[in-house]
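Dear colleague,

I would be grateful if you could read the summary alongside the coordinates.

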Amino acid sequence: MTERQIQISYQEYNSIEEMNPEDRELAAEAIKAMQGAYAPYSHFHVGAAVRMSNGQIVRGANQENAAFPSGLCAERTAMFAAGARYPDKDMLSIALAGGVMGRLGREPATPCGACRQVMAQYQAKSGKPMSVIMISSDRIWKFEKVDDILPLIFNSI
Ligand code: THU
């Protein structure tokens, strides 16, 4: 038996201003995107913004439904819109922000497992790392690639 370890490193910023201009812009777009949330049940508003290889930014926000599983997270709303709008372009980065009643939370919004899996697939499609930026009012985390938030990604078919 061999004990193995998986190591993950990420960057923590104390404010959006500390980030490079591209990430700063994407983070600001994710925060703006929270305004598009439709969350009458959870009241938790999430915004996401995807940067494409052609420089375009595509936003999304969570959309809830009375038939609960029919709703969709902000990240997948943004990624599916981006994939449909720019099928030949790569998704280079995704930022997300969330908070109760549209007020940015103090802990970074972290993506659910299903959204991580969808990120992984678009990253595999492009063959380039997709960075993931998680935002809160107090700090921001940046992961350089989806593998860092979804180790041992399923890619067997
Ligand atoms: N939500 C997202 O939009 N993204 C996530 O990664 C986790 C959760 C949404 C779904 C639902 O509308 C609300 O947050 C509460 O779960």
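In the class counts below, Ala, Val, Leu, Ile, Met, Phe, Trp, Tyr, Cys and Pro are nonpolar, Asp, Glu, Lys and Arg are charged, and the others, Gly among them, are polar. This is a predicted model, in which local features need pLDDT of at least 70 and side-chain atom pairs count only at pLDDT 80 or more, while totals for chains, interfaces and linings use all residues. Residues are numbered from 1 along each chain as its sequence is written, and side-chain values use heavy atoms, with hydrogens and water left out.

The ligand site

Polar contacts are pairs of N or O atoms within 3.5 Å. Oxygen atoms of the ligand lie 2.5 Å from a polar side-chain atom of Glu64, 2.9 Å from one of Asn62 and 2.9 Å from a polar backbone atom of Cys112. The protein covers 73% of the 370 Å² of accessible area that the ligand has on its own (Shrake-Rupley method, 1.4 Å probe).

The pockets

A pocket is an open set of points on a 1 Å grid over the protein atoms alone, where a 1.4 Å probe fits, with protein on both sides within 12 Å along at least five of seven lines; lining residues have an atom within 4 Å of a point.

Of its 20 lining residues, Val46, Asn62, Glu64, Leu72 and Cys73 are the closest to the centre. The lining divides into 12 nonpolar, six polar and two charged residues.

The second largest pocket has a volume of about 230 Å³, and its lining has five nonpolar, five polar and one charged residues.

Yours sincerely

Notes. Polar contact = N/O pair within 3.5 Å; in protein donor to acceptor, adjacent residues only side chain to side chain. Points joined across faces, edges and corners; volume = space filled by probe spheres on them.
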